Amino acid sequence: MPPSPPRADVPEAVRVQILATEHWGLLATRSITYGAVFSRTSIFLTVVSAAVVALALVGQATDFGDRFYLFALLVLPVALFIGIVTFIRLIDAWLEDFWLVYGMNRLRHAYLELAPELEPYFITPHYDDEASILQVYGANQTLRFSRIVAGTPTLVGAINVVVVGVLAALIADTLGASDTIDVAVGIIAALAAAAGFGILATQTISAARRAHRPQFPR
């Protein structure tokens, strides 16, 4: 449904003020989203670091005996749970940021409807299609592989994969499996976890892209 034309009785200065207020609100929300990403990632990395240090100390104290395995089987699931929910939150935060950029692109479109002569001074797009939104991130209108690999969700997902592999190998060793089987179980579990995280992220992002309905496409 196309937007309604602006009312003639609303002064242009008031329109600009309304648009600017909404713009600042989106900027503040985007800042809060980035803060949540950094804090959640920091918490997860702190938990994983503390778990590794604790496992090393307990392993030395118990000579990696049965009590070490018991401790590891109690600590690693907690770290993994925090890692999984952090990964989910980071994907949601990325989509929230995409939505906020979508809103700001629409506002820039409104600014240029009021003052089209200012278009040469804008370095960010004023369209709300997917390519224009990605251009705000400097992604050359596409999701580059390097950007995906270097992203914070990928980092958290990679650590989770390692934790899953180690936990699976420990469980197999506790059940009396040989070293070869322990390694095989750990690798298989890690690969399965990597596939699971990839599918979760892909499906979530794909659903958001399908729901995207631009009103001012390029």
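Predicted model: local features only at pLDDT ≥ 70, side-chain atom pairs only at ≥ 80, totals over all residues.

Me: Let's start with Thr33: is Thr33 buried or exposed?

Reply: The general idea is to look at relative accessible area, where under 20% means buried. Thr33 has 7%, so Thr33 counts as buried. You'll find Thr33 in helix 1, which covers residues 12-62.

Me: And which residues does Thr33 touch, leaving out those up to four places away in sequence?

Reply: Here the idea is to look for heavy atoms within 4.5 Å. With those sequence neighbours set aside, Thr33 touches Ala93, Glu96 and Leu100.

Me: Which residues of helix 6 are buried, and what do they pack against?

Reply: The buried ones are Asp182, Gly186, Ala189, Ala190, Ala193, Phe197 and Ala201. The buried residues of helix 6 pack against helix 2 (66-114) and helix 5 (152-174).

Me: Okay, rings next. How many aromatic pairs does the structure hold?

Reply: Five. To sort a pair, check the angle between the ring planes: under 30 degrees is stacked, over 60 is edge-to-face, and the rest are tilted. Take Tyr34 and Phe38: their ring centres are 6.3 Å apart and their planes sit at 40°, so this pair is tilted. The two are four residues apart in helix 1, so about one helical turn separates them.

Me: How accessible are Tyr34 and Phe38?

Reply: Tyr34 has 36% relative accessibility, so Tyr34 is partly exposed. Phe38 comes out at 52%, so Phe38 is exposed.

Me: Then why is the pair of Trp94 and Phe98 stacked?

Reply: Because their planes are at 25°, with the ring centres 5.8 Å apart. Trp94 and Phe98 are four residues apart in helix 2, so there is about one helical turn between them.

Me: Which residues do ring pairs link into a cluster?

Reply: Have a look at Phe64, Phe68 and Tyr69, which ring pairs join into a cluster.

Notes: Residues numbered from 1 in each chain as written. Heavy atoms only, no water. Buried < 20%, exposed > 50% of the residue type's maximum accessible area, 1.4 Å probe, protein only. Phe/Tyr/Trp six-rings, centres within 6.5 Å; stacked < 30°, edge-to-face > 60°.
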